[in-house]
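This report is meant to be read beside the sequence and the 3D view. Please keep both open.

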Amino acid sequence: MFIDELGFLGFGTRLKLLTERIAISAGKVYKAGNCNFEMRWFTTFYYIATAGKPVSISSIATELNFSHPAVIKITNALLEHGYVKSAQGEDKRRRVLTLTKKGEKLQKELKPIWDAFAVATRKLFEDAGIDMLAAMNKLEQALENEPLEDRVLKQYREMQNKLYNILRYNHDLKHYFYSLNKAWIDEFFVFTDEDNRALSNPEVEIINKGGEILFIEYKDEIIATGAITPEHDNIYVISKMAVKNDFKGRGVGSLLLNHLINTAMNRGGTEVVLMTHEKLTKAVQLYRKAGFELVSPNNYKFKLMERDGNNLLLHLPLRVKTQQEEQ
């Protein structure tokens, strides 16, 4: 079947189909037992029935790891069928649920069916040679440690990073350094004469001072740039970072930042600093994720370019590589 050919790509679909298949089977069993009951009600109904005390929507959601809207939808159905009843809780600020007489009668009718489900399901997995409960526990713990979306995005970025080329400055790339940074400044600030001077003369302002300018190329297109310049006491300054709008949110900024940091580290730098602005929330988040922390400008003898009074100076201490690591 085609779904089998998808391999891990079809895992979610196959899991959904398996769940639907089990739900259909459960519905047939409940019907055969003359029980007006739906599989989707099971855990909520079972929790209310066995809690030993009235339970709130919040406690159900917490214990079953369900969303509040999902619990409300199920409990509303149980209320409509007359299986549970709602009353005012002890603190008078929330409603609590308990089984009705009709619900208690249904519970007794369902118990032998549930017992049969448990035994039949255990035998099913024994026949399949799978310790499914142990596997599910491990899977759930792994997802708790790192959600699937984080795993997929990390893998995607790693795969994308292999398509990005890191280029060092040469005169042919000079106009990209200017255009990318000017577009970024125009979007957030006002382009000044000082900006024009710095971007028009990267050799004088950065390269001739021992600095370096890096570019990221993707499919023959320059999509990002950034600079790093040495200051005294093995401190390096990161500046002029800009990413093309179409490529923001793809991890390009993080990739560029890491290469600039590594450049400073490989040169024996002990600290990296950069100036940003408090309204650049995504940029600040990027820097903090990389380990940068807020620091006072008074700690440094040099001054960085500021846009207004809402600038933030961030720094990152570097671990100097040992000779063995360099080899």
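The model is predicted. On its surface, a nonpolar patch is formed by Phe 11, Leu 15, Leu 18, Ile 22, Met 39, Leu 139, Leu 143, Leu 148 and Val 152. Together these residues have about 780 Å² of accessible area.

Three helices each supply at least two residues of the patch: α2 (11–32), α7 (132–145) and α8 (148–161). The largest share, four residues, comes from α2. Ile 22, one of the patch residues, lies in helix α2. Ile 22 counts as partly exposed because its relative accessibility is 41%, and partly exposed covers the range between under 20% (buried) and over 50% (exposed).

The backbone is the next topic. Most residues other than glycine have a negative phi. Lys 219 has a positive phi although it is not a glycine, and Lys 240 is likewise a residue other than glycine with a positive value. The table lists both.

| Residue | Phi | Location | Relative accessible area |
|---|---|---|---|
| Lys 219 | about 50° | loop between β5 (212–218) and β6 (221–230) | 63% |

Note on methods:
Residues are numbered from 1 along each chain as its sequence is written. This is a predicted model: local features need pLDDT of at least 70, side-chain atom pairs count only at pLDDT 80 or more; totals for chains, interfaces and linings use all residues. Side-chain values use heavy atoms; hydrogens and water are left out. Patches are made of residues with over 30% relative accessible area and no salt bridge: like charges are joined within 9 Å, nonpolar side chains (Val, Leu, Ile, Met, Phe, Trp, Tyr) within 5 Å. Accessible areas come from the Shrake-Rupley method with a 1.4 Å probe; for residues, only the protein chains shown count as cover. A salt bridge is a side-chain nitrogen of Lys or Arg within 4 Å of a carboxyl oxygen of Asp or Glu. Buried means under 20% relative accessible area, exposed over 50%, partly exposed in between (1.4 Å probe, protein chains only).
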